[in-house]
Amino acid sequence: MQVLTPLFHVFVFPGFLFLIAFGLFASWVDRKLVAKMQNRVGPPLIQPFADLIKLLAKEDIIPESANRAMFAVAPLVAFAGVVASAIYVPMWSAQAANSFQGDLIVVIYLLTLPAFALFLGGWYSTNPFATIGATRVLSQLFGYEVPFFLACLGPALAGGSWSISEITAAQADGGWFIAAAPLSFIVAMIALIGKLERVPFDIPQAKTEIVSGPEVEYTGKRLALWKLSFLAETIVASALIAALFLGGPHFWGIPFGDMPAWLAGLVGLIVLAVKILLIVFFLSLTRAALARIRIDQMVEWCLLWLGIPALVNLGIIIFTMS
Amino acid sequence: MTPEQVTQRLTDRLGEGLLSTESAGEKRLYCTIDPKGVVDAADELFNGAGGRYVITAGTDDREKNDAYLVSHFFAFDDDDFYVTVHTRVPADDPRIQSITPTIPGAGWAERELQDLLGVEAVGHPDPRRLVLPDDWPQDVHPLRSDFTAQDKPDAVLDGTPKMKSAPEGSVMVPVGPYFPTQHEPEAFSVFVDGEVVVDSDYRGFYNHRGIEKLGSSDLTYNQIPFIAERICGICGFVHSCAYCMAVEEAAGIEVPRRADYIRTIFLELERLHSHMLWTGVAGHIIGFDTLFMQTWRMREPVMWLCEQLTGNRKTYGMNIVGGVRRDISRDDFPRIKKVLSDIEREWTALQEAVPGDSTLVGRLGNVGELTPEEARLLCSLGPVARASGLAMDVRVDHPYAAYDELEVEECVEGGCDTLARTFVRLRETPVAISVIRQCLEQMPEGEVRAEITEEIPPGLQGIAAVEAPRGESFHWVLTGEENRPERWRVRAPTYSNLQAINPMIVGDVLADVPIDIGSIDPCYSCTDRMAVIDRRSGEVRVVNTREL
């Protein structure tokens, strides 16, 4: 059993299977919401799953001029990084599947792996659109990653811990850190758009400019893996923001302590899922309401309008704590 | 400037070189000059008299005059007349001085002249092939009379690259022939240094099917409107209308007033749905799909309306030489007015929202800049010219159909960038609505088609210009024997506007290229003139008379 539990965490919940299933569901929610905002009908529930199956069945082509190893490994690295990070994010109770002091830093770094892998995969596929997209991935990374990290520091300081689980536990009495760090929360939400490369920050993929950028040469299974990586990252990063700012699986008035463990876990998971879907709703709203901006505008805007508010909020937290 | 003053200037400049002049009414001046004076004449008209270069047409006139007829057309927009400069190039030495060094906007027209008629433009700065495919033999020129529309020359591949290669230190990024935001075949080679565009090249005309050749060899006067309408999937009515007006002018056919009004209504309905379509596509290009979905939803009732009025959403088949084929019933007026007021309400909201949307303004502003002087030299048209501050609108400058009795606001912006071109189109949509409303109020009763009893005599010429949603569509018809034109020249607005893409995108970053190209509202099939594709089999074929 002691051997099986970590395997269960990695492959079933909250890892591989759960991330895929919930990621597909969240992507359906996203597509349906955007469709409604655009006066369209939108896809049926099964659509993201059908798309995935179709992609898996398609031919897998590696361009002749590409670096085969890098090209093939990049999507695996991205997906592995996201699944690994899910272990340290609380999903059903304040305690994640595993935790230690400093796992916040590890998770933030693991969540940047998809971007780095996307850069490498795009760069080594040698397609001009892919290489341009790859350089945009890196430029964009500098735009959102620093503010995102600064924003995550806010709850860490407020909770007095570097462990996500402990930060979540510190909010169990209802004092969510969104109250202590409102600016950090907004910054984290906007930086999340950049991290997930969605409108208005879908600059590296920009299908109407550079034909989906780094992914342009990917087909079949590997393309499916890229799509899955970003779906899974949507879930994990949203769960991370929920854990840091919105009390994770907690909600006022739900007496987790009085319930049997399995029920508490189930209710906690549902509460978290609702919070994740709210974050997805925010992502859908920005996708429907905004146009894609240029990379130079993005980096400048993010460093100015995300970086400074995140720093200000940190200053306020440090000032009020001392 | 009046036609008399233009004649005087040409006489002063060319002396003996001005062989003859002929006026057809107050609005047309046809000059015949000696080929040696063609550059002087072009310079005098374009730079001296302030005319606008329109297009060049080449005609095989070897049977009658043992020469090729090369005609340059100029428009005088402030004074409502067109000047045509005919030159006869001897058949045994088919060469003429290029006017492109004087008028950069003539570059493509002269390359086309070389390709299709085999008249060499001496001194052309970029004499590469433009229209014909890369594997077309060098000495076969399809517009010559000894080449029939059914001839298929053997392919010759010489293996030389037809497009420019990237300058030192830059990388070529292909935009086309298949590109997500360019919905027709075209190929831009964009040369970038990092992300900054340093130069570009264009190869198009993949759809060229020799429609002008068909018009003068296989079709008859009243068949051409239907094939002309198929030149474009958006502004097809513009082409059939312009063709009919050109023939009517040549033959002196008086069109009933009611037909003029019906034509105007459809021209404006086309502008309405074309601008709405463009706004959506522009949104899509910059990743704003909500705008795309909403404007296309708003546009759809116009298509339904057209279906009710004509039987088709597009390609109405309404025009015929002498008038239109269907009347608009008074019973349809309430529906037309309802569609117009619905669009007006939503469009006003959109028009107010755009200037306040910081992402839109941030993406569209200060990119794709085209100075007024560049626009003049490259002979830009329509919204592209108006966004660069050139007050030019055929509806106002050279009223045709019913426009002489209607109020049309000319929407000029001074921004010279992609944002200004957006504003021009946003503003023109309510103008189109207002014009349709005026038409409904003022439309007289009566016939919709003139009876044509006599055969149209050969050797007459007619010019028609129509303000398409993208700018001036220009048709020139020279009447011929056998109930068909001797020569029919079509110049769609994108033909001119595409030549302005290079100055627009140089200096911008690659991310701006698709929206810059999109900002001229490019219509490649108009420019190429016609493809007929069987959608079931995917076969491309040329339509012949029997099928029509």
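Buried area here means the accessible area, with a 1.4 Å probe, that two parts lose on being put together, summed over both. Keep in mind that this is a predicted model. With that definition, chain A and chain B bury about 2200 Å² between them, and carbon and sulfur atoms give 58% of that area. Chain A puts 23 residues into the contact and chain B puts in 27 residues.

Now the polar side of this interface. Between chain A and chain B there are 12 residue pairs in polar contact, counting pairs with both residues at pLDDT 80 or more. On the side of chain A that touches chain B, the elements giving two or more residues are α6 (128–159), α10 (207–210) and α12 (261–289). That side of chain A divides into 12 nonpolar residues, four polar and seven charged.

The count of salt bridges between chain A and chain B is three. One salt bridge joins the side chains of A:Glu209 and B:Arg363, at 3.2 Å from N to O.

What else does B:Arg363 pair with in a salt bridge? Its partner within chain B is B:Asp512, with the closest N and O atoms 3.7 Å apart. This pair links distant parts of the chain, 149 residues apart: B:Arg363 is in helix α11 (residues 358–364), and B:Asp512 is in the loop between α17 (501–505) and α18 (513–518) of chain B. Both B:Arg363 and B:Asp512 are buried. They belong to a network of salt bridges that includes A:Glu209, A:Arg136 and B:Glu195.

Over all chains, the search finds 61 salt bridges. Take A:Arg198 and A:Asp30, whose closest N and O atoms are 3.0 Å apart. A:Arg198 sits in the loop between α9 (182–195) and α10 of chain A and A:Asp30 in helix α2 (residues 16–37), so the pair ties together parts 168 residues apart in sequence. A:Arg198 is buried at 15% relative accessible area, and A:Asp30 is buried at 8%.

A contrasting case is B:Glu482 with B:Arg484, a salt bridge of 3.1 Å from N to O. Here B:Glu482 is exposed, at 60% relative accessibility, while B:Arg484 is buried, at 15%.

Last, the cysteines. How many disulfides does the whole structure hold? Zero, over all chains. For A:Cys302, the nearest cysteine sulfur is that of A:Cys152, 15 Å away. A:Cys302 is buried, with a relative accessible area of 0%. For B:Cys379, the nearest is the sulfur of B:Cys416, 17 Å away. B:Cys379 is buried too, at 2%.

Terms used. Residues are numbered from 1 along each chain as its sequence is written. Chains are lettered from A and ligands numbered from 1 in the order in which they are written. This is a predicted model: local features need pLDDT of at least 70, side-chain atom pairs count only at pLDDT 80 or more; totals for chains, interfaces and linings use all residues. Side-chain values use heavy atoms; hydrogens and water are left out. A disulfide is a pair of cysteine sulfur atoms within 2.5 Å. Buried means under 20% relative accessible area, exposed over 50%, partly exposed in between (1.4 Å probe, protein chains only). Contact means heavy atoms within 4.5 Å. A salt bridge is a side-chain nitrogen of Lys or Arg within 4 Å of a carboxyl oxygen of Asp or Glu. A polar contact is a pair of N or O atoms within 3.5 Å; within protein, one must be able to donate a hydrogen and the other to accept it, and residues adjacent in sequence count only if both atoms are side-chain atoms. Helices (H or I, at least four residues) and strands (E, at least two) are DSSP runs, numbered from the N terminus. Ala, Val, Leu, Ile, Met, Phe, Trp, Tyr, Cys and Pro count as nonpolar, Asp, Glu, Lys and Arg as charged, and the others, Gly among them, as polar.
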